[in-house]
Amino acid sequence: MKSYFVLFVCTGNICRSPMAEGIMKDLVLDEVSLQQRVLPINIASAGISAEEGRPASRHALSVAAERGIDLSFHRSRQLTANIARNSDLILTMSHEHTNYVNRLWPDVSRVCELKQYGIDSGHVPSDTDIDDPIGSGLEAYREVFDALYVEIRRVADILFPFILEKGGSSE
């Protein structure tokens, strides 16, 4: 059974996308413990301008830890053609990130902003970006984490049944 590969993309891969990755992994663990089912899913993150090997920002680490999510093992990585092409779904933090992926790899078809995933085109919010908290205080990181959680919970409610039905295959 093929695993479904979900990739979260932001700029530096030290704030938003690592928190998103951690939230989605936590939701997958909830599926295992609460629903007694294993999802054939892999979750990762990358950045369009990432410096390889950096840990998550200290505020991202703190806010995630407050919510029971450990990001201490995270190390940033640059988004590459190989990563993009091997992803079944790329969820970006902004329109800029989506444009970047589409411009560099037009053959990658399953890419969209996190806030747009599964939304009817007539109901897309006017602002589809998740704000970058880099350089901001802890409260800004909490707000971003909470916004990410709401969106990723919504995405999981759509994506998890699809993955279970398809057995992980993106075909």
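**Figure 1. Ser-94, a buried residue in a predicted model.** In this predicted model, Ser-94 has a relative accessibility of 6%, and because buried means under 20% relative accessible area, Ser-94 counts as buried.

**Figure 2. The surroundings of Ser-94.** Through its side chain, Ser-94 makes a polar contact with the side chain of His-97, at 2.9 Å. When the neighbours within four places in sequence are left aside, Ser-94 is in contact with Glu-113 and Asp-129.

**Figure 3. The largest nonpolar core of the chain.** This core has 38 residues, and the ones with the most contacts inside it are Phe-8, Leu-148 and Leu-159. Two or more residues are given to this core by each of strand S1 (4-10), helix H1 (16-35), strand S2 (41-47), helix H2 (58-66), strand S3 (89-92) and helix H5 (138-166). Among these elements, helix H5 gives the most to the core, with ten residues. In soluble globular proteins, nonpolar side chains tend to be buried together.

**Figure 4. Phe-8 and its contacts.** If the neighbours within four places in sequence are left aside, the residues in contact with Phe-8 include Ser-17, Ala-20, Glu-21 and Met-24, and also Ile-43, Ala-44, Ser-45 and Ala-46. Leu-91, Met-93, Leu-114 and Ile-152 are likewise in contact with Phe-8.

Figure 5. The chain contains five helices and four strands, and from the N terminus on its elements follow the order β-α-β-α-α-β-α-β-α. A compact globule with 171 residues would have a radius of gyration near 16 Å, and the chain, which has 15 Å, agrees with this. Along its principal axes, the C-alpha trace spans about 40 × 40 × 35 Å. Of the 171 residues in the chain, 47% are buried, and the accessible surface comes to about 8,400 Å², with 50% of that surface belonging to carbon and sulfur atoms. Among the contacts in the chain that have a separation of 6 or more, 73% are accounted for by residues 24 or more positions apart.

Conventions
Residues numbered from 1 in each chain as written. Predicted model: local features only at pLDDT ≥ 70, side-chain atom pairs only at ≥ 80, totals over all residues. Heavy atoms only, no water. Core = buried A, V, L, I, M, F, W, Y, C linked by side-chain atoms within 4.5 Å. Buried < 20%, exposed > 50% of the residue type's maximum accessible area, 1.4 Å probe, protein only. Contact = heavy atoms within 4.5 Å. Polar contact = N/O pair within 3.5 Å; in protein donor to acceptor, adjacent residues only side chain to side chain. Rg over C-alpha atoms; globule rule 2.2 N^0.38 Å. Areas by Shrake-Rupley, 256 points an atom, 1.4 Å probe, with all protein chains shown as cover.
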